[in-house]
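Student: I would like to understand how the terms used for this structure are decided. Please set each value against its definition as we go.

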Amino acid sequence: MSSIVLRLSEAGRFMSRGGAFAWAGLALLAVIVLVAILAPVIAPHDPLTQDIVNQFLPPSSEFWLGTDSYGRDVLSRIIYGARISLIVGLLSILIAMSVGTVLGVLSGYIGGRFDAFVMAVVDLMLSFPSLLLGMLVAAVLGASLENLIIAIAVTEIAPFVRLARAPTLVLKEQDFVQAARSLGCGHGRIMRVHILPNLISDILVMGSLWMATAIRTEASLSFIGLGVKPPTATWGGMIREGFENILDAWWLAVFPSVFVFLTVLALNLLGDGLRDATDPKLRQRD
Amino acid sequence: MKYALKRISLGLPTLLAMFTAIFVIIRIVPGDAAAVILGDQASAGALEALRQQLGLNEPLSQQYLGFLTGLLQGDLGTSLVTKRPVLDEALRVLPNTIELAVASILVGLVLGLPLGVCAATNRNAWPDYVGRLFSLVGLSLPAFVSGILLLLAFAIQLRWFPVIGTTQNAGPWDRLLAVALPALNLGVIMSAYVARVTRASMLSTLGEDYVRTAKAKGAAPMTLALRHVLSNSLLPIITVVGLYFGTLIGNAVLTEIVFNRPGLGRLILGALNTRDYTMLQGLMIIFASFVVLANILTDLAYAAVDPRIRTA
């Protein structure tokens, strides 16, 4: 655990040295997370209350970002929608990260036929378009929050298997692992205590980059109609509804689009900065 | 040529594995597939008829065998909604999708390569920062978001382009106008990937000794950047373009939906909305075949660029 903290504090130091992009990303992400957590406090209206008299109102001082076809406040729906995007993004990436890392370490450590089989499956998953795989899984399972999380997690397991396997192959031959083995360490303990801590920080850094992709995929699937069912406010779902009325009410599609973009951008900025800071090769060249 | 044949034969097991995976995923529909397709109000007779039609009463191994023999004969099944062969439906709109894909790859390369070269040769100066920011923005835009924004700005507000995609008997000029905006949408996103990897690849080549030698011999900056550096940075760029193909397919599906273009993307959306699982399965198989084809082409492109791979 201490090595993780060490690596991350190192990352912080490198970020402070020049990564203005990364800091901007972190700040932006913090604001979005805060908005999602404080949604009931800061949302000016209820996201679900329909008000037919006030439908399709353009942005005004009462409704900052306008109202939709049911007279619901767009800003409040965007604020609540942030919760779904972040929850789906975070949970799906946690699942993909854990399953992928365990599989990758096992595959690299055990080697042989098991490794060959896992890598064949991973190559297959990597070459199949991830959005289509997500669509297929979401469509087969049926639209719901849990199934959406599972579908997105499935599309993102493969890169983590790769990322965990490669260093395992190197680490398992190192002297300190041999030493642990000769001292009578079991395989499980070697993987947990001696191998995992050495690759976990890279996995976490990649996690923030892939969470950006997860949120993008969630928005895309919701836009297609495979997301969390209405009337729950989701950004992709709002864009879908707004797109149907795009000729009359541009604000319906544009504002949630801006928030999807900002969230994905924040995670990409942060992930890029962290990767540059933790990658020794890049560090040398800069 | 021998290399090409060898590479193509290697693609076959991949293809078989992908088809099998699609077959399996489609069949993990929870509960009775026929009931899922027809809804709650379906009569027992209709359910039984559909089960018969889909072959759901046969054992799974039998179904799989039928599925594979069908594929070998070029039979992707019959759409549950239109009752027409899936392959016919797909082939009818395929030219539109291919047109869009080719146009967007052209835009992506024409825009992305110079941007990457420019960023790498002006490292840590303003062209580099502009290029990197552009890449980040491109990587952060979901294809349907950028598509909607382009549609709003250029088709609805400025009216430079038609809002509705191609019509069946449009002239060449109308076709070009109709494909321009969707291709620009896909191409700009792709150019973000291309620019990023071109920059990174050029930067690592720029440090090589022979580049310094060329510089010392007085090679013009332009010749140096293009002939000495770029031509030796091509392999990673080809890799990314090849790997990007899968993303391109996903983005093309979203783009076709936004721009209301007839194509495989709209077919998929229709299949999802009507629970047309045969159509869905057939389209996934078509996409998988394209991916394998793209992988083979990528490897052949390696060999064309780098003679070492051909002879190895």
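Student: Why does B:Thr20 count as partly exposed, rather than buried or exposed?

Tutor: A residue is buried if 20 or more other C-beta atoms lie within 10 Å of its own, exposed if 12 or fewer, and partly exposed in between, with the C-beta atoms placed from the backbone. B:Thr20 has 14 C-beta neighbours inside 10 Å, and therefore it counts as partly exposed. B:Thr20 belongs to helix 1 of chain B, and its C-alpha atom is 33 Å from that of B:Leu141, which is 121 residues away along the chain.

Student: How do you know what kind of model this is, and how its parts are numbered?

Tutor: The model is predicted, and accordingly local features need pLDDT of at least 70 and side-chain atom pairs count only at pLDDT 80 or more, while totals for chains, interfaces and linings use all residues. Residues are numbered from 1 along each chain as its sequence is written, while chains are lettered from A and ligands numbered from 1 in the order in which they are written.

Student: Which elements make up the two chains?

Tutor: Chain B has 14 helices and zero strands, and chain A has twelve helices and zero strands, where helices (H or I, at least four residues) and strands (E, at least two) are DSSP runs numbered from the N terminus. The C-alpha trace of chain B spans about 85 × 55 × 35 Å along its principal axes, and that of chain A about 75 × 45 × 30 Å. Buried residues make up 35% of the 312 residues in chain B and 44% of the 286 residues in chain A.

Student: How do you know what span to expect for helix 11 of chain B, and where is it kinked?

Tutor: The expected span is 1.5 Å times one less than the number of residues. Helix 11, residues 234-258, has 25 residues and reaches 33 Å from its first C-alpha to its last, close to the 36 Å expected. The bend at a residue is the angle between axes fitted to the seven residues ending there and the seven starting there, and in helix 11 of chain B there is a kink of about 40 degrees centred on B:Phe245.

Student: What kind of peptide bond joins A:Pro230 and A:Pro231?

Tutor: The bond is cis, with omega about 10 degrees, and A:Pro231 is found in the loop between helix 9 (187-224) and helix 10 (235-244) of chain A.

Student: How many residues of each chain take part in the contact between the chains, and what are they like on the side of chain B?

Tutor: Two residues are in contact if their C-beta atoms, placed from the backbone, lie within 7 Å, and 34 residues from chain B and 34 residues from chain A take part. The side of chain B that touches chain A holds 28 nonpolar, six polar and no charged residues, where Ala, Val, Leu, Ile, Met, Phe, Trp, Tyr, Cys and Pro count as nonpolar, Asp, Glu, Lys and Arg as charged, and the others, Gly among them, as polar.

Student: What makes a group of residues a nonpolar core, and how many residues has the largest one?

Tutor: A nonpolar core is a set of buried Ala, Val, Leu, Ile, Met, Phe, Trp, Tyr and Cys residues joined through C-beta atoms within 7 Å. The largest has 141 residues, and those with the most contacts inside it are A:Leu132, A:Met135, B:Leu283 and B:Met284. Helix 8 (residues 172-206) of chain B gives the most to this core, with 15 residues. Beyond its neighbours within four places in sequence, A:Met135 is in contact with A:Leu221, A:Ile224, A:Leu226 and B:Leu272.

Student: In chain A, where is the confidence lowest and where is it highest?

Tutor: On the pLDDT scale, the predictor's confidence in each residue from 0 to 100, chain A is lowest in helix 12 (residues 280-285), at a mean of 48, and highest in helix 4 (residues 74-110), at 93. Over residues 282-286 of chain A pLDDT stays under 50. Where pLDDT is low, the predicted coordinates should not be read in detail.
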